[in-house]
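I opened this notebook to record what I looked up in the structure, entry by entry.

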Amino acid sequence: MNITIMMLNLPHEVKGYCQRVLRRKYIVINQSLNENERRFICAHELGHMILHKGFNHYFITRSTHFMIGKFERQANEFAVKLLSYGEQMEQGEPLEWYLRRSGIPDEMHGYYF
């Protein structure tokens, strides 16, 4: 998809973001996150790039009345589906074990359906 992924030292409250600059696409991830968190953030930001083309989070929150929560929910759902795709749930395996095995953070389990 021609997206450059960068790991940078970001403030701890910033897990990652995506940006388009001069027709180039970037996903920036906080390097202090663990591997599962990095994978999830990357999938989440990819969700934004695919689902929300042309939208800028900072513009939306400062200049419109759109509910940014809707976009975040959609990106979380995309990430959960992407990371669990192709993984088979073992017979009798609890859903939360399956999702953890798929690398999905516990707080994102509610986005699986």
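Where does H48 lie? I found H48 in helix α1; helices (H or I, at least four residues) and strands (E, at least two) are DSSP runs, numbered from the N terminus.

**Basis.** I note that this is a predicted model, in which local features need pLDDT of at least 70 and side-chain atom pairs count only at pLDDT 80 or more, while totals for chains, interfaces and linings use all residues. Residues are numbered from 1 along each chain as its sequence is written, and side-chain values use heavy atoms, with hydrogens and water left out.

**Entry on H48.** Leaving aside residues up to four places away in sequence, H48 touches C18, K53, F71, E72 and A75, contact meaning heavy atoms within 4.5 Å. With the side chain of E72, the side chain of H48 makes a polar contact at 3.1 Å. A polar contact is a pair of N or O atoms within 3.5 Å; within protein, one must be able to donate a hydrogen and the other to accept it, and residues adjacent in sequence count only if both atoms are side-chain atoms.

**Entry on the sheet.** I then followed C18, whose bridge partner in β3 is I27. β2 and β3 (residues 24–30) pair in the antiparallel sense over six bridges; two strands pair if DSSP finds at least two bridges between them. The sheet is open, with three strands in the order β1-β3-β2 and mixed pairing. β1 (3–8) and β2 (16–21) are at its edges with a single partner strand each, so one side of each has no neighbour in the sheet. On average, neighbouring strands are turned by 20° against each other, direction ignored. Helix α1 (residues 35–51) lies across β1, β2 and β3 and runs at about 150° to β3. Axes are lines fitted to C-alpha atoms, for helices over the stretch in contact, and angles run from 0 to 180 degrees between N-to-C directions.

**Entry on phi.** Most residues other than glycine have a negative phi. I recorded N2, not a glycine, with a positive phi of about 60°. N2 is placed in the segment before β1 and is exposed at 72% relative accessible area. L22, also not a glycine, has a positive phi of about 50°. L22 sits in the loop between β2 and β3 and is exposed at 79%.

**Entry on salt bridges.** How many salt bridges does the structure hold? I count five, a salt bridge being a side-chain nitrogen of Lys or Arg within 4 Å of a carboxyl oxygen of Asp or Glu. One of them joins R101 and E87, with the closest N and O atoms 2.9 Å apart. R101 lies in helix α4 (residues 95–101) and E87 in the loop between α3 (68–84) and α4, so the pair ties together parts 14 residues apart in sequence. R101 is partly exposed at 38%, as is E87 at 33%. A network of salt bridges links E87, E93 and R101.

R100 meets E96 in a salt bridge (3.9 Å, N to O); both lie in helix α4, four residues apart, about one turn of the helix. R100 also forms a salt bridge with D106, at 2.7 Å between the closest N and O atoms. I noted R100 as partly exposed at 40%, E96 at 41% and D106 at 44%.

Notes
Buried means under 20% relative accessible area, exposed over 50%, partly exposed in between (1.4 Å probe, protein chains only).
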